[in-house]
Amino acid sequence: MDNSEVFHKAEQIRDVIRYLRLFKGSTAVVHIDDTIIDSPYFASHIRDLCLIQEAGLKIIIVPGARKRINEILNQANISWQMENSCRITDEKAMPLIKMAAFDVSNRVMTSFAAEKRTAVIGNWVRARGKGINLGVDYGTAGEIDKIQVEAVNSVLDNGFIPIFPCIGWSISGKPYNISSSQLATALAVKMKADKLFFLTQNTTINAENFVIPPNSTFIKEKSIPAMNLQEVSSFISLNESASQTFENDKKDFVLQTLSLLRMALSACRTGVSRVHILNGSFNGTLPCEIFSDFGSGTMIYEDNYGGIRGMELDDIPDILNLIRPFVEEKILLPRTENDLIEQYKDYTVYELDSGIRACAALHFYDDGQAEIAAVAVDNNFTHLGVGPKIVNYLIDKARTMNAKRVFVLTTRTADWFEQFGFVPCTIDSLPEKRRAKWTPERGSKALSFYL
């Protein structure tokens, strides 16, 4: 194993440790579609959830039961209809619906027991009937009225895993069927969860299944690993219109996904840090999503995911690691720890979940010129447009500082800088202090941007 392989593996391990530190003690609500419970990967997902709990996260499970309820009602020859994603039945169906919901929850609890984890099924949800709305009698369908937060926190504090069936009870003890995905969303808000997961069947938000907005910030291999709230709203609007031309199966799939995205919007707007829509057909999707920058699904976030900020002294080890591959390829000049200590106020970084993924420096000279230097972007994040963001940020900063022009010296990235409006210039036009460091052996080209 050579040095680059060791470095790459070490970076992956560092990422995992960083995320462990970031999310330890946080609460995660996990909605599991019941098609996943019948899949060959279910046992693996349960094991991953146990490992995640062992890593210090508090886990709450909300299993879906639509498939099981369908089976039991069909066996009893009881009909139903769907209206606004609610199942409408008469009173005689409710004992069977309750049985089906608890049957699924028991399967989940048993699976945790097989991993030597204690899970608890509880009746922590108070509900009321949806009643009649616009002439539609929703029968046994209910709405969440209250969640017993203190009781759930007590279960979590004792190291147990709460499981919520999709049933709520009225004050008088009457059961109602409630939407499991809406329950998971409400739970995440009431429990002040840091994360809400929707573990779905074959739901991947990519260009094959959806229309991808051209201005999406995060795009990787034609899929969207992350969207902010504004991007989600645009995505929903665009795909809602496009779905009208889809065939029924694809239309249903798209509309169901858009429904999850609306719940994600609602959750993030009311305090949940992040919502993740994951394809449960991928083995290992949960730990991959939690402990890496871009997991296997789509993350919905508000505004604290990534951003540009000034460098701090604590960032020095991360920046040295970031620029090392570029120095080895002779794209960048070497920088030492002392160099960075002396010039740290000149540096700007792009931070993603407490990890430094890009950096650049803006050095000012006495003659009014400014130099953009040490531009480095982690190769795993070049698709995010981080490099252009930092360069444009530094150009704007130079402008506000009344610099005459900005210049760069480069051996292999002249074309990249030209896209910003940089044009070739002579070495003689550079500040005397910078000319003194230029060597014909390296032969860097000079380009300038006039402000």
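Modeller: A salt bridge is a side-chain nitrogen of Lys or Arg within 4 Å of a carboxyl oxygen of Asp or Glu. A search of the whole structure finds 19 of these salt bridges. The model is predicted, so local features need pLDDT of at least 70 and side-chain atom pairs count only at pLDDT 80 or more, while totals for chains, interfaces and linings use all residues. Residues are numbered from 1 along each chain as its sequence is written, and side-chain values use heavy atoms, with hydrogens and water left out.

Biologist: What makes Asp145 and Arg126 a salt bridge?

Modeller: Their closest N and O atoms are 3.4 Å apart, and the limit is 4 Å. Asp145 lies in strand β9 (residues 142–147) and Arg126 in strand β6 (residues 125–129), so the pair ties together parts that are 19 residues apart in sequence. Strands here are DSSP runs of E with at least two residues, helices are runs of H or I with at least four, and both are numbered from the N terminus.

Biologist: Why is Asp145 called partly exposed?

Modeller: Buried means under 20% relative accessible area, exposed means over 50%, and partly exposed is in between, with a 1.4 Å probe and protein chains only. Asp145 has 38%, so it is partly exposed. Arg126, with 30%, is also partly exposed.

Biologist: How do you know that Arg357 is buried?

Modeller: Its relative accessibility is 4%, and buried means under 20%. Arg357 forms a salt bridge with Asp378, the closest N and O atoms being 3.4 Å apart. Asp378 is buried too, with a relative accessible area of 15%.

Biologist: Which residues do salt bridges with shared partners join into one network?

Modeller: The network holds Arg126, Arg128, Lys130, Glu143 and Asp145. Within it, Lys130 pairs with Glu143, with closest N and O atoms 3.1 Å apart.

Biologist: Why is α4 called oblique to α5?

Modeller: The axes of α4 (residues 66–75) and α5 (residues 94–114) cross at roughly 140 degrees and come within 9 Å. Axes are lines fitted to C-alpha atoms, for helices over the stretch in contact, and angles run from 0 to 180 degrees between N-to-C directions. Angles under 35 degrees count as roughly parallel, over 145 as roughly antiparallel, 65 to 115 as roughly perpendicular and the rest as oblique. The crossing angle falls in the rest, so α4 is oblique to α5.
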